[in-house]
Amino acid sequence: MRGLSLDSCLQGVTSVAAAGHVRPDGDCAGSCLAVYNYIREYYPQISVDLFLEPVPEKFLFLKNSDQIQGDVQAAAGRTYDLFIALDCGDTGRLGAAGDLFASARRTLCIDHHKTNQSFADENYIFPEASSTCELVYELMDPEKITKEIAECLYLGIAHDTGIFQYSCTSPRTMEIAGKLMAKGIDYPRIVDETYYIRTFAQQRIWGKAMLESRLWLEGRCISSIITKADMEAFQVEPGELDGLVSELRSTEGVEVSVFLYEAKDGWKISLRSARYVDVAKIAVSYGGGGHARAAGATVSRQDPEAVLADVLRLVQEQLTEDVCITES
């Protein structure tokens, strides 16, 4: 599969649909828009549609972000020659676009999640990669990567590596990032405005989450919970909580951070670990997925404290020391 290329996949194709996972993050939005822009730039004869749930406003500077289609029903009944699923571990994570995937004549999945179920006709899945954007770069002709495509790819790589600090960052990741920087992108601005800068409302609700956070397992685990009522009070959307779990994880002595927030379909669990705990194993037990150091899931249970207690039990099972689940 390493011999695969995006150009070869597009041969003989007249229509393409691309989509990523629900609640798109930087890697999802970046990889989807990079592929969309590549097709628009070099294959004008191909009709291409991009389906995503609303992306965070801070990503809207990416080229053709205004072309993202949120209404899948508008394409209902259409059969695409090729459906490209990006940064998505299974068809359920495609949300409403899953129906278009099922009806497509051929499907391709590009992903780096080790929990990916290889659900497409062709699967370009390499869990050792830092991000789906890194894999998309490998599939593209590097000479055909424009500045605008480079912005999409750099954003995704930067976000999924925690600005190149997570263990998934490899020498190849840094090499690719350097080549994208050489395309003339404003990489300091991309990092600052999409990763570090937060609105005043975000700062306030993040402060609440930090203030009410709790330590468990003799200080090796930290948790925090945000409800719908909290989000309404601070006038923030769920997407504005992205990154909070990583901020919790940066607490001294903490191996695992657990962040719960209330969503439409239950409670969203976000997990991060430093070195030892494979949080993807925990997420999978709830029907979710991710990476060893970053994973998540959604549960329908209504009591967040019960969910937290169960997650703490699973964290404890992986920790090497025998500690009790008591709040520090």
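What percentage of the 328 residues of the protein count as buried? In this predicted model, local features need pLDDT of at least 70 and side-chain atom pairs count only at pLDDT 80 or more, while totals for chains, interfaces and linings use all residues. Residues are numbered from 1 along each chain as its sequence is written, and side-chain values use heavy atoms, with hydrogens and water left out. The answer is 55%, where buried means under 20% relative accessible area, exposed over 50% and partly exposed in between (1.4 Å probe, protein chains only).

Turning to the overall fold, the protein has 12 helices and 11 strands, taken as DSSP runs (H or I, at least four residues; E, at least two) numbered from the N terminus. Its C-alpha atoms fill a box of roughly 60 × 40 × 40 Å along the principal axes.

Salt bridges come next. A search of the whole structure finds 15 of them, each a side-chain nitrogen of Lys or Arg within 4 Å of a carboxyl oxygen of Asp or Glu. One joins Lys 114 and Asp 278 at 2.5 Å, N to O. These two residues are 164 apart, with Lys 114 in the loop between β4 (106–111) and β5 (122–125) and Asp 278 in the loop between β9 (266–273) and α11 (279–284). Lys 114 counts as partly exposed because its relative accessibility is 42%, whereas Asp 278 is buried at 11%.

A further salt bridge, at 3.7 Å, pairs Asp 230 with Lys 208. Asp 230 lies in helix α9 (residues 228–234) and Lys 208 in helix α8 (residues 200–211), so the pair ties together parts 22 residues apart in sequence. Both Asp 230 and Lys 208 are buried.
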